[in-house]
Amino acid sequence: MTQEDADAARSRISTAIDRSACADADLVVEAVPEILDLKLSIFSELDGICKPDCILATNTSSISISEIAAATSRPSKVIGMHFMNPVPIMKLVEVINGKETSEDVTATVLSAAEKMGKIPLMCNDSPGFVSNRILCPMINEAILTLQEGVAEPDAIDGIMKLGMNHPIGPLALSDLIGNDTVLHIMNVLHEGMGDDKYAPAPLLIEMVDEGKLGRKSGQGFYDYS
Ligand SMILES: NC(=O)c1ccc[n+]([C@@H]2O[C@H](COP(=O)([O-])OP(=O)(O)OC[C@H]3O[C@@H](n4cnc5c(N)ncnc54)[C@H](O)[C@@H]3O)[C@@H](O)[C@H]2O)c1
């Protein structure tokens, strides 16, 4: 990117720490931590602040869109817009309709994602949607494999990278996502699916309790300090 392009891009972005800055927005994408009560309170607040035709999207990785939508008086304008990490590199946006999301809102969000240079793919509202229904149990299994002493982190990640052609190993990916976020997602899957096969690995719970959240805390399955 040239300096000129970078400056032009920056000039189109403004930041604020007061939620009232959302009052005139056409589309809000919420990205607070993966905690149901927090999402519900933010959506209830945004519903009061944002203009009536504003679309309220959530970047949630696993929580029910319909449940979040129920915290607002505009469930037809609430939708899941799940960006992948790291966002500048990953093309996918997983678009999730809640029970009451209107067709117009889905069409607008698909087109907004395309304008951002992303490839949107749709799915229905179910714990973890498609991406994390499949990804997080794999990461959890890698953590169980480590916990049981089957192999060291480098070997687990190396086997999955070289053997399965994954661009990053599951333990390094958990550190990138944030081990707290992975734990929140496993809890949503475990409770939502009602099946113990989704129970979070004890080592994952222990690491989050100890503040070993991955890259963002400097320590996870690997040391980033
Ligand atoms: N980490 C990932 O790889 C990833 C990928 C896709 C989607 N997500 C989803 O994005 C959301 C955020 O996850 P994250 O990993 O970035 O979490 P994070 O904990 O790294 O960041 C959350 C941000 O929310 C802010 N925040 C916390 N409480 C707030 C409040 N009450 N009001 C306003 N801001 C508040 C924090 O200051 C922080 O900047 C979650 O729903 C998560 O599931 C995460």
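A residue counts as buried here if 20 or more other C-beta atoms lie within 10 Å of its own. Ile79 has 26 C-beta neighbours inside 10 Å, so it lands in the buried class. Bear in mind that this is a predicted model. The chain is assigned two stretches, domain 1 (3-124) and domain 2 (131-217), and the ligand lies between them because both give residues to the shell around it.

- Ile79 sits in strand β3, which covers residues 78-83.
- The largest nonpolar core has 45 residues, and Ile79, Val109 and Val182 are the ones with the most contacts inside it.
- Helix α8 hands over the largest share of this core, 6 residues.
- Domain 1 (3-124) and domain 2 (131-217) each put at least three residues into this core.
- Val109 touches Ile55, Ala57, Ile79, Met81 and Val95, once residues up to four places away in sequence are set aside.

- The C-alpha centres of domain 1 and domain 2 are 26 Å apart.
- Their contact takes 8 residues from domain 1 and 9 residues from domain 2.
- On the domain 1 side of that contact, you get 2 nonpolar, 4 polar and 2 charged residues.

**Around the ligand**
- The shell holds 15 residues, and Val32, Glu34, Ser61, Asn85 and Ile177 come nearest to the ligand.
- By residue class, the shell splits into 6 nonpolar, 7 polar and 2 charged.

**Helix α5**
- Helix α5 runs over residues 131-147, 17 residues in total.
- From first C-alpha to last, α5 reaches 24 Å, close to the 24 Å expected at 1.5 Å a residue.
- The buried residues of α5 are Asn132, Cys136, Ile139, Asn140, Ala142, Ile143, Thr145 and Leu146.
- Those buried residues pack against four helices: α6 (153-164), α7 (170-177), α8 (179-193) and α9 (202-209).
- Just past the end of α5, Gly149 takes a positive phi of about 75 degrees.

Methods. Residues are numbered from 1 along each chain as its sequence is written. This is a predicted model: local features need pLDDT of at least 70, side-chain atom pairs count only at pLDDT 80 or more; totals for chains, interfaces and linings use all residues. Helices (H or I, at least four residues) and strands (E, at least two) are DSSP runs, numbered from the N terminus. The expected span of a helix is 1.5 Å times one less than its number of residues. A residue is buried if 20 or more other C-beta atoms lie within 10 Å of its own, exposed if 12 or fewer, and partly exposed in between; C-beta atoms are placed from the backbone. Two residues are in contact if their C-beta atoms, placed from the backbone, lie within 7 Å. A residue is near a molecule or strand if its C-beta atom, placed from the backbone, lies within 6 Å of it. Ala, Val, Leu, Ile, Met, Phe, Trp, Tyr, Cys and Pro count as nonpolar, Asp, Glu, Lys and Arg as charged, and the others, Gly among them, as polar. Domain bounds come from an automatic or database domain assignment. A nonpolar core is a set of buried Ala, Val, Leu, Ile, Met, Phe, Trp, Tyr and Cys residues joined through C-beta atoms within 7 Å.
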